[in-house]
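Dear colleague,

I am passing on a structure to you with this email, and below it you will find my notes on what turned up. Please read them with the structure open beside you.

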Amino acid sequence: MKSRTSNYLKTIYETSYAQRWTCNKQIATMLGVLPGSVTEAVNRLISQKLAIKNKGQIKLTKKGESVKNVV
């Protein structure tokens with residue numbers, strides 16, 4: 001798995017840990033990237049069934065959490 005994907009998985013996990021959901025802005029701030037970059041990465045994670053998005057809120061799927069633990 002690419003390290004960039006791994007970074008996004010870990011960041012989504014960390015930023016959504018307390019509230020169970022996170023948003024593009026929080027992820028972008030943590031990674032120091034533009035929100036548009038986060039959107040592209042999250043869409044890739046969604047297509048791989050590693051994350052889900054609901055009304056702008058993002059969290060990892062069970063598959064995403066298990067992959068995050070492996071990398």
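**A buried threonine and its surroundings**

Thr22 has a relative accessibility of 0%, and because buried means under 20%, this residue counts as buried. Please keep in mind throughout that the model is a predicted one.

Thr22 sits in the loop between H1 and helix H2, the latter covering residues 24-31. Its side chain makes a polar contact of 2.9 Å with the side chain of Thr15, and another polar contact, of 2.6 Å, joins the side chains of Thr22 and Gln26. If residues up to four places away in sequence are set aside, Thr22 touches Ile12, Thr15, Ser16, Ile27, Gly56, Gln57 and Ile58.

Ile12, Thr15 and Ser16 are also among the buried residues of H1, a list that includes Tyr8 and Leu9 as well. Helix H1 runs over residues 3-16, and its 14 residues reach 20 Å from the first C-alpha to the last, which is close to the 20 Å expected at 1.5 Å a residue.

Turning to the whole protein, there are 4 helices and 2 strands, which follow the pattern α-α-α-β-β-α when read along the sequence. The radius of gyration is 11 Å, which agrees with the value near 11 Å that a compact globule of 71 residues would have, and the C-alpha trace spans about 25 × 25 × 20 Å along its principal axes. Of the 71 residues, 34% count as buried, while the accessible surface comes to about 4600 Å², with 52% of it belonging to carbon and sulfur atoms.

Methods
Residues numbered from 1 in each chain as written. Predicted model: local features only at pLDDT ≥ 70, side-chain atom pairs only at ≥ 80, totals over all residues. Heavy atoms only, no water. Rg over C-alpha atoms; globule rule 2.2 N^0.38 Å. Buried < 20%, exposed > 50% of the residue type's maximum accessible area, 1.4 Å probe, protein only. Areas by Shrake-Rupley, 256 points an atom, 1.4 Å probe, with all protein chains shown as cover. Expected span 1.5 Å × (residues − 1). Polar contact = N/O pair within 3.5 Å; in protein donor to acceptor, adjacent residues only side chain to side chain. Contact = heavy atoms within 4.5 Å.
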